[in-house]
Amino acid sequence: MKKVLVTGGTGYIGSHTAVELLQNGYEVEIVDNLFNSKITVVDQIEKITGKRPVFHQVDLLDATQLDQIVANGHFDSVIHFAGLKAVGESVEKPLDYYRNNITGTVNLLESMKKNGVNEFIFSSSATVYGVQDSPEYIETMTTGANISSPYGRTKCFIEEIVKDYSVANPEFKAVLLRYFNPIGAHPSGLIGEDPNGIPNNLMPIIMRVMDGRIAKLQIYGDDYPTEDGTCRRDYIHVVDLAKGHMAALEHMQAGTQIFNLGSGKPSSVKEMIAAFEKASGEALPCEVGPRRAGDLPEFWANPSKAERELGWRTVLTIDDAMRDTINYLNKVKEN
Ligand code: NAD
Ligand code: UFG
């Protein structure tokens, strides 16, 4: 069975993927600098799977320490989640984002090259599509135009770096996974999304309204050209997303492959609020505010390539995600 290095493996998506890998017999080591996650996640992964991944608290910007981990690990594959991801912050601190995300990735690829590791999966984002004529995004669309933030541009640049590297190294097998909007938590309630600082995505904000840390949800505009006037996004349960990585790992081939990971079914902000209220049995305090700069009215994944080539598609719904999020929040409150 393969041995996998998971960068950013104590983070939200990385921890769920580490669980899937361990439950399917893969050996896992994690490297994370704990900038946006907690060491206790390693204990939770062990509680869920009965296996404790080796954990290295190391920054990808520290090339010497990273080299040591890669040299000693004898990894077959690397799944690279580590990165900064706050869109608004990236506008204020672009150089931090370029250094952390791009230099971190180049350090990782250099370490892999030195140590003969040739399988690489990267966390990309639907943000690379920018603005398109159609809201249904498909992998064949041209990317890179009208990207709304430095964060988004780091994803786009890294995609190009990976493509260039795989052209220069015929043995290299890369997969770029373009995530749509990950939500939800592990059904055990032991891991979920727990960002440090002030969240800016819809679900973490809803979670903070539920636990009382934020008074009410601001709906960013209800005058969009959608059925109920609020923006529509393709929300994907994080466990489905984690399984997408497993599917990619099982279908690695020379060159760079690109897949959307989404459900293909968009939901509006008002539909998300209704789903949350149905799952919690409580009204969610909210009010309609102005539009947020840069938001697109709607977009969603065309997920047919992943289904056709990886045999993967989403099976969980936004109702499942709401139930699992509430369960996770309740577990956090108990402890
Ligand atoms: P997260 O912040 O929960 O996890 C990222 C982890 O990387 C954190 O634990 C952080 O401490 C670590 N990290 C950051 N910089 C590092 C560095 N230089 N060295 C070592 N560790 C470092 O984020 P997430 O939601 O799990 O996202 C994982 C990846 O998926 C990110 O690359 C993100 O950009 C991408 N992505 C996320 C979303 C989303 O909405 N969550 C959507 C599309 C793409
Ligand atoms: N929203 C609100 N109120 C809030 C927060 C969000 O109404 O307090 C709305 C937004 O306007 C948007 C929807 O909820 O319509 C989802 O917003 P998020 O910020 O959760 O997600 P985005 O689709 O704007 O962006 C996310 C990630 C980006 C990524 C993008 C595409 O944050 O990193 O998906 O994958 F690039």
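In what order do the seven strands of the open sheet lie, and is their pairing parallel or antiparallel? The order is 3-2-1-4-5-7-12, and the pairing is parallel. Strands (E, at least two residues) and helices (H or I, at least four) are DSSP runs numbered from the N terminus, and two strands pair if DSSP finds at least two bridges between them. The model is predicted: local features need pLDDT of at least 70, side-chain atom pairs count only at pLDDT 80 or more, and totals for chains, interfaces and linings use all residues. Residues are numbered from 1 along each chain as its sequence is written, chains are lettered from A and ligands numbered from 1 in the order in which they are written, and side-chain values use heavy atoms, with hydrogens and water left out.

The edges of the sheet are formed by strand 3 (54–57) and strand 12 (255–261), each of which pairs on one side only. Neighbouring strands are turned against each other by 20° on average, direction ignored; axes are lines fitted to C-alpha atoms, for helices over the stretch in contact, and angles run from 0 to 180 degrees between N-to-C directions. Within the sheet, strand 5 (residues 119–125) is joined to strand 7 (residues 173–179) by seven bridges in the parallel sense. S124 has R178 of strand 7 as its bridge partner.

Helix 6 (residues 150–168) lies across strands 5, 7 and 12 and runs at about 155° to strand 5.

Ligand 1 is surrounded by 26 residues, of which D32, N36, S37, K85 and Y151 are the closest; a residue is counted if one of its heavy atoms lies within 4 Å. Polar contacts (pairs of N or O atoms within 3.5 Å) include one of 2.9 Å between an oxygen atom of ligand 1 and a polar backbone atom of Y12. A nitrogen atom of ligand 1 is 3.1 Å from a polar backbone atom of N33, and a backbone N or O atom of F35 lies 3.0 Å from an oxygen atom of the ligand. Taken alone, ligand 1 exposes 820 Å², and the protein buries 95% of that; accessible areas come from the Shrake-Rupley method with a 1.4 Å probe. Helix 1 (12–23), strand 5 and helix 6 each supply at least two residues of the shell, and the largest share, three residues, comes from strand 5.

Around ligand 2 there are 23 residues, the closest being N201, L202, Q218, R233 and D295. Oxygen atoms of ligand 2 lie 2.8 Å from a polar backbone atom of L202, 2.7 Å from a polar side-chain atom of R233 and 3.2 Å from an N or O atom in the side chain of S125. The protein covers 90% of the 690 Å² of accessible area that ligand 2 has on its own. Helix 7 (202–210) and strand 9 (217–220) each supply at least two residues of this shell, with strand 9 giving the most, four residues.

Definitions and conventions: Contact means heavy atoms within 4.5 Å. A polar contact is a pair of N or O atoms within 3.5 Å; within protein, one must be able to donate a hydrogen and the other to accept it, and residues adjacent in sequence count only if both atoms are side-chain atoms.
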